[in-house]
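Welcome! Here is a short tour for anyone meeting this structure for the first time.

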Amino acid sequence: MKKLLLCITAALLAGLVWNALFNYALSPDVRFWNRCADATDAWNARLRAESGAPCYIFGGGSETRTTIDPAYAQERYGMRVLNAAAQGLYGGPCNAAYALSYLRPGDTLIFPLTAYGLNNEPHPSGLRFLFRRCGWGMYADGWIPCTKRTLRPLAAGDALALSSCFTKLLTTGSFRYRYETDAAVHETGWMQVLTTDERERPAERRGGRRPEGLSQGQIAACLRLQELCRAKGARLVFRLHLAHAGDDCRALQAAAALSAVRAGLCVLRDPRLGCSDNPLDFADTVNHLSPEGVRRQMDSLCPALLHERYWTEEELLRELR
């Protein structure tokens with residue numbers, strides 16, 4: 001009996017060790033996104049060492065990691081910008097928590113308004129990413145609650161990621177994550193996508209949907225994020241991330257922005273309302289920009305931030321009319 005218990009205990013410990021190794025060190029996509037985060041850490045340390053002046057911190061997923069170039073913002077506009085984005089799979093709550101970890105008094109956090117539901121449950125892979133980057137500090141401000149539901153994924157295995165990894169090995173002969181070859185990670189943390197698959201597809205059409213705006217749950221989560229930023233002595237600004245979509249999506253974006261503005265939130269004013277039907281703006285997906293698209297995006301975002309241009313209720317109502 002003792003031998004059986006020892007065998008079971010050893011197997012459990014071996015399973016936990018394997019889970020930890022795969023989830024935090026061996027998984028190809030985990031290694032890539034942590035390489036992006038390492039670049040952000042180094043750029044953040046450089047900015048903070050150069051000056052105590054505030055920074056603009058962009059949070060989100062790959063729609064932000066691939067579209068915000070801090071070097072361009074610094075060289076052209078003299079702005080201190082940090083790309084503190086993760087990836088979309090991690091979800092709104094975890095991506096916001098990751099960006100919050102860089103926030104200092106006087107900073108401004110810029111987060112995508114419609115890319116994620118901030119009121120969703122934290123995603124298990126996002127929780128593991130946060131633990132790798134922030135340790136137990138991920139629970140410090142209460143944005144991510146410390147509960148059984150958010151603690152269990154830290155040690156649990158990821159069967160989907162593991163099976164996908166081995167399937168890829170069997171079919172392609174390599175574990176390599178696609179962006180290891182299809183993207184370049186700059187010293188600033190900007191992830192430049194090197195492929196241009198999206199240019200071959202027409203702009204996405206979203207007509208026929210009624211522009212209803214954000215739900216009450218989404219608004220409540222946005223307001224809570226704003227309170228956390230204020231508690232850190234920082235500001236929160238939302239933006240409409242640019243997507244490869246036609247003008248018929250403008251009403252949906254305007255309605256979302258209008259509900260946020262009416263709740264007392266700041267939404268950065270972008271005349272395109274997050275919609276572009278120009279294929280040259282995009283790289284491999286509807287949310288990943290090409291280098292020329294990044295420059296056009298930065299030339300829109302940076303002046304708006306510097307001059308504090310935000311959407312007003314009247315302007316958004318005119319757009320909806």
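## One helix, two faces

A residue is called buried under 20% relative accessible area, exposed over 50% and partly exposed in between, using a 1.4 Å probe and protein chains only. Helices (H or I, at least four residues) and strands (E, at least two) are DSSP runs, numbered from the N terminus. This is a predicted model: local features need pLDDT of at least 70, side-chain atom pairs count only at pLDDT 80 or more, and totals for chains, interfaces and linings use all residues. Residues are numbered from 1 along each chain as its sequence is written, and side-chain values use heavy atoms, with hydrogens and water left out.

Let's begin with helix H7, residues 148-155, where Thr150, Pro153 and Leu154 are buried. Viewed down the axis of H7, these buried residues fall within an arc of 110 degrees, so they line one face of the helix; the arc is that of the directions from the helix axis to the C-beta atoms. The face turned away from the buried side of H7 carries Lys148, Arg149 and Arg152, which are exposed.

## Aromatic rings in pairs

Rings of Phe, Tyr and Trp (its six-membered ring) pair if their centres lie within 6.5 Å; planes under 30 degrees apart count as stacked, over 60 as edge-to-face and the rest as tilted. By this rule there are 11 aromatic pairs. One of them joins Tyr90 and Phe129: the ring centres are 4.9 Å apart and the planes at 25 degrees, so the pair is stacked. Tyr90 lies in the loop between strand S2 (81-83) and helix H5 (91-100), and Phe129 in helix H6 (residues 124-134), so the pair ties together parts 39 residues apart in sequence. Tyr90 is buried at 3% relative accessible area, and Phe129 is buried at 4%.

Tyr177 and Tyr179 make an edge-to-face pair, 5.9 Å centre to centre with 70 degrees between the planes. Both of these tyrosines are buried, and together with Phe32 and Trp33 they form one aromatic cluster.

## The disulfide

How many disulfides (cysteine sulfur atoms within 2.5 Å) does the structure hold? The structure holds 1, joining Cys249 to Cys275 with S to S at 2.0 Å. Cys249 sits in the loop between strand S7 (243-244) and helix H11 (250-262), and Cys275 in strand S8 (residues 275-276), so distant parts of the chain, 26 residues apart, are linked. The link of Cys249 and Cys275 is left-handed, with -135 degrees about the S-S bond. Both Cys249 and Cys275 are buried.

Definitions and conventions. A disulfide is a pair of cysteine sulfur atoms within 2.5 Å.
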